Amino acid sequence: MLSILRTLWNIFLHAFQRRETVQYPEEKPYLPPRHKGRIILTRDPDGGERCVACYLCAVACPVACISLQATEDETGRRYPEFFRINFSRCIFCGYCEEACPTYAIQLTPDFEMAEYHRQNLVYEKEDLLMSGPGKRPGYNFWRVSGVKIGGKDKGEAENEAPPVDLHSLLP
Amino acid sequence: MTKIFVDGKAYEVKADQSLLQACLSLGLNLPYFCWHPALGSVGACRQCAVKQFRDEKDTRGRLVMSCMTPAADGTRISIEDAEAAAFRKGIIEGLMLNHPHDCPVCDEGGECHLQDMTVMTGHDYRRTRFPKRTFHNQYLGPLINHEMNRCIQCYRCVRYYREYAGGHDFDAFSSRSQVYFGRYQDGVLENEFAGNLVEICPTGVFTDKTLKRHYTRKWDLQFGPSVCVHCGLGCNISAGERYGTLRRIVNRYNGEVNGYFLCDRGRFGYEFVNSAERLKQPLQRQDGKLQPISKARALEALAGLLADPKKVIGIGSPRASLEANYALRALVGADRFYTGLSASAARLTAVALEMLRRGPARTPSLGEIERADAVLILGEDVTNVAPRMALALRQSVRQQPMRKADQLKIPRWLDHPVRELAQDQKGPLYIATPAATRLDDVATETYRAAPDKIARLGYAVAHALDAGAPDVAGLSEAERSLAARIAEALKSAERPLVVSGPSLNSEAILQAAANVARALSAAGRAPSLSLTAPECNTLGVTMIGGGSLADAFQAVKSGSADTVIILENDLYRRASARAVDEFFSSARHIVLLDSVTTPTVQKAELVLPAATFAESDGTLVSSEGRAQRFFEVYPPVGEIQSSWRWLRDIMMAAGRREAAAWQDLDAVVASVSDGIPALAAVAQAAPSASFRLAGAKIPREPHRYSGRTAMLANINVSEPKPPEDSDSSLAFSMEGVFAQPPASLIPFFWSPGWNSIQSVNKFQEEIAGPLRGGDPGVRLLEPSAAEPRAYFTPASEPTSGSAGEWLLVPLYHIFGSEELSRLAPGIAELSPQPYVALNPEDANALGVQEETSVTLSLESVSRTLPVKLMPGLARGLAGLPAGILPIEGSGLPAWSRISRA
Ligand code: SF4
Ligand code: SF4
Ligand code: SF4
Ligand code: SF4
Ligand code: FES
């Protein structure tokens with residue numbers, strides 16, 4: 001009897017405690033930038049597409065939901081001809097982001113992607129590519145790589161010596 | 001066998017190899033760069049260091065290069081020794097000082113020997129902060145890409161290109177840390193085997209440019225173990241597909257056939273599979289135009305055409321599989337099946353086949369050709385007709401000089417001392433052809449003459465070897481003594497080889513070659529006789545048997561047939577346009593099965609889209625007489641299907657119930673081996689479809705294959721079930737066990753820690769030896785023990801034209817002369833334009849120069865062509881590019897007048 005009354009009293013007291021329920025969607029919780037939500041493709045500081053179509057995210061993906069095809073522009077800069085993520089399969093593990101050598105692919109704190117039709121969860125490059133560098137400002141893979149592309153000849157990357165002159169007789 | 005100790009464990013290994021080879025043969029992981037099984041050891045990169053101990057008591061030991069140290073009895077080494085491991089890691093760090101930050105955009109990535117070795121040694125962090133050395137790249141042609149920054153100066157490329165493949169236009173330039181590997185200036189790499197640089201180079205300096213245009217990583221390709229269809233040698237290839245198109249070809253090691261190398265036609269010719277010329281739908285001629293129709297309609301129409309089976313003949317093809325040819329033969333009946341070879345090709349192949357069956361000479365594998373120690377080539381421009389054989393012959397000239405190394409007890413794998421010792425010495429190689437060949441630089445002597453005279457030289461050699469062989473009259477003194485020298489060289493060799501073939505359309509040449517082989521046998525030698533075959537299944541279709549194209553023409557002309565079913569064959573490449581047109585106009589119904597659009601398509605009433613090698617399975621018989629199975633790389637799309645399946649469906653539609661048994665490849669293979677005694681062994685070319693590896697099918701895809709749940713999601717988010725493969729024990733899947741499949745079923749080479757093609761080490765019984773379980777393929781031809789046939793008798797005089805006539809001879813081109821590879825853009829770019837070749841002195845006499853237009857009159861047609869001066873061409877001959885110009889009359893050689901246009 002006593003225990004029943006105590007229980008009732010405790011429940012009554014709860015009515016005056018601070019509420020934990022968040023009024024989602026009117027009220028949105030804070031999610032840190034490292035939260036693993038909707039995946040995006042970013043651009044480098046110069047506005048170029050960051051993804052170099054190396055296929056590393058695709059191979060790292062445990063559910064194999066990323067597929068793409070590499071191609072090159074006329075100057076030799078490689079980029080994905082198409083880039084597709086099937087979000088109905090994605091488990092938001094973030095392995096793709098970890099594998100990406102260019103910081104192109106990033107997971108974001110957005111998780112509001114529910115759809116009535118599963119087919120709508122298939123995102124193409126147009127749906128993934130955003131205009132900025134995301135969480136990683138500053139980095140541009142092509143400034144480091146030794147491959148020549150439009151606007152950057154051999155020897156012009158970071159920490160590169162000018163190309164060897166094969167006809168030089170100097171020792 | 002000797003006993004060596006590695007990290008305290010005793011192993012029995014084969015004597016006469018280096019420690020590196022011994023360790024790799026044992027399956028141990030030991031990094032290396034400059035060593036290659038086909039190139040031997042030079043000790044340049046220092047990557048393969050191990051600790052060697054004097055005896056059990058020695059604990060300090062010393063570092064040695066395992067590739068330079070023989071696996072002598074009792075050798076004690078340690079791979080794991082801390083000092084050795086630190087040394088190897090340091091070497092990689094040194095090699096990486098200037099390495100660019102390129103892996104993500106490097107086509108080698110994921111199958112890079114440098115990546116593998118870096119991971120193996122544990123070097124994982126860049127400490128240096130000095131600027132990196134850089135280089136400009138070169139344009140090396142449409143097939144190979146150059147990215148020089150990635151070079152680690154292992155020198156493999158230049159050793160392969162210059163010393164192994166005999167190229168001249170590639171070298172190491174500059175000095176010290178700036179050594180550069182390339183050409184002296186931008187330009188197409190001249191060597192026909194340059195494509196192997198892609199596999200020889202352990203880094204991404206040389207990569208496949210055709211792959212780059214539709215780049216896919218190795219781990220994302222679906223592979224099929226296949227056989228090259230671009231000449232008669234049957235090199236084994238591994239073909240890779242992604243998103244429904246063929247992406248590239250790499251070498252599939254076969255110790256007895258292609259070993260580690262392919263030719264560039266075979267490596268880069270694959271793009272015909274993706275070409276716009278592919279036939280994809282059944283077509284029917286309506287109102288004079290070919291219109292797409294459904295499969296059901298096509299079969300219905302066919303059933304109607306076959307109403308009177310007695311009037312139907314079938315024309316097979318030397319570029320279609322045994323199964324497809326056999327199915328056609330079953331459809332039309334053995335006596336109404338024609339091989340599809342031109343009259344002359346059919347006759348020459350039959351003669352060749354009979355020679356190889358009767359003996360005494362045996363047909364050698366490419367591996368045996370490489371080990372031959374004296375060679376006579378009669379009439380063949382090997383580099384352009386059977387390319388990979390030329391690479392083997394180039395190694396054969398080293399056999400005799402290497403004996404000197406044996407005497408001095410220098411092991412053969414110690415590459416540079418052996419080469420230094422030999423200097424410019426070459427073993428005997430005699431080449432008799434109408435024009436200069438790409439092997440002339442290693443030839444002992446060459447002989448340039450018309451086909452008949454080449455045959456006469458052969459007869460003279462046979463006579464010089466065995467006085468019982470018939471002699472020829474009217475040879476010059478020089479020719480006689482040349483014949484005597486050739487005879488002497490062949491006689492004093494241990495493994496003499498005669499190479500010949502049908503290229504010059506001369507039965508006399510084949511007979512002369514057979515006489516030489518027969519005479520060698522009479523002189524107590526065991527000769528080999530290698531006869532080239534122009535197409536991938538020329539020998540196979542001949543073994544099935546049937547009349548030639550001329551006989552088929554006759555059957556229609558005489559009215560005994562009026563409906564023709566043509567299998568994967570463009571008749572305009574085999575007979576003159578006039579003869580083919582006449583044939584087509586006298587036949588009432590023409591049905592064609594083919595994979596690509598050819599001029600023959602334009603004459604057909606009904607066209608069925610056939611699968612290429614990449615989308616079908618089947619068996620091919622190489623010029624060695626080796627039956628080899630090729631397997632589907634990916635399932636055909638839409639209405640395309642294997643020719644044998646089409647033929648089965650046609651039989652079913654025509655109410656021929658017996659075809660119902662042909663549900664899968666094994667059933668057809670069984671019919672072939674039951675139906676054709678000569679082909680009884682073909683079933684053994686590969687395990688049947690019921691074979692399981694540890695209870696599972698063999699995956700065609702690497703276990704890292706990506707994108708399975710996304711690649712088709714744009715079409716439908718629910719993934720389709722993977723296609724079934726009822727024809728083989730391979731699966732269109734990444735699922736399966738990691739174990740070594742039987743040699744003929746290995747789709748690709750990969751092993752943990754060894755992502756590059758060098759992982760083939762893990763699949764061999766011993767380094768550079770056979771694949772475990774024996775090399776793929778089954779030999780169908782062994783000389784019979786019966787008394788060898790009598791010598792052939794030469795014609796009393798060489799043929800001659802009337803005054804003012806030139807003998808036109810065919811000149812072959814590795815790029816351009818073969819039908820299918822010409823459809824690959826890279827190959828097409830390297831194919832020559834039509835020309836007529838003349839010796840400069842002859843041209844002078846005619847008053848014409850390079851590029852002058854001249855008119856040839858051949859039969860009743862005349863043709864105007866630009867002159868090409870060809871210093872190596874015999875006088876009095878005019879050369880025309882084979883397979884590039886339409887055939888006139890009965891083909892070449894032919895006599896013609898030449899005048900200024
Ligand atoms: S890992 Fe990064 S750069 Fe590579 S394909 Fe994926 S997104 Fe592009
Ligand atoms: S050569 Fe190998 S290590 Fe070098 S960039 Fe290419 S993949 Fe990377
Ligand atoms: S180009 Fe390749 S094969 Fe040649 S030296 Fe450099 S790394 Fe070695
Ligand atoms: S030699 Fe012949 S079979 Fe071998 S790769 Fe070249 S074309 Fe193909
Ligand atoms: S592999 Fe032994 S030194 Fe290069």
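1. By class, the shell around ligand 3 holds ten nonpolar residues, two polar ones and one that is charged, where Ala, Val, Leu, Ile, Met, Phe, Trp, Tyr, Cys and Pro count as nonpolar, Asp, Glu, Lys and Arg as charged, and the others, Gly among them, as polar. Of the 13 residues around this ligand, those that come nearest are B:Cys151, B:Cys154, B:Tyr155, B:Cys157 and B:Cys201, a residue being near a molecule or strand if one of its heavy atoms lies within 4 Å of it.

2. For reading what follows, this is a predicted model in which local features need pLDDT of at least 70 and side-chain atom pairs count only at pLDDT 80 or more, while totals for chains, interfaces and linings use all residues. Residues are numbered from 1 along each chain as its sequence is written, chains are lettered from A and ligands numbered from 1 in the order in which they are written, and side-chain values use heavy atoms, with hydrogens and water left out.

3. The contact (heavy atoms within 4.5 Å) takes 45 residues from chain A and 47 residues from chain B. Together the two chains bury about 3,600 Å², 54% of it on carbon and sulfur atoms; buried area is the accessible area (1.4 Å probe) that two parts lose on being put together, summed over both.

4. Between chain A and chain B the count is four salt bridges, each defined as a side-chain nitrogen of Lys or Arg within 4 Å of a carboxyl oxygen of Asp or Glu. In a salt bridge, the side chain of B:Lys212 meets that of A:Glu72, at 2.9 Å from N to O.

5. On the side of chain A that touches chain B, at least two residues each come from α2 (56–60), β2 (66–72), β3 (78–86), α5 (141–144) and β6 (160–163) of chain A; helices (H or I, at least four residues) and strands (E, at least two) are DSSP runs, numbered from the N terminus. β2(A) gives the most to this side, with six residues.

6. β6(A) also pairs with strand β6 (residues 132–134) of chain B, in the parallel sense and over two bridges, pairing being assigned if DSSP finds at least two bridges between two strands. Here A:Glu160 stands opposite B:Lys132 in β6(B).

7. Within chain B, seven strands form an open sheet of mixed pairing, in the order β15-β14-β25-β24-β23-β16-β17. Its edge strands, each pairing on one side only, are β15 (289–292) and β17 (337–338) of chain B.
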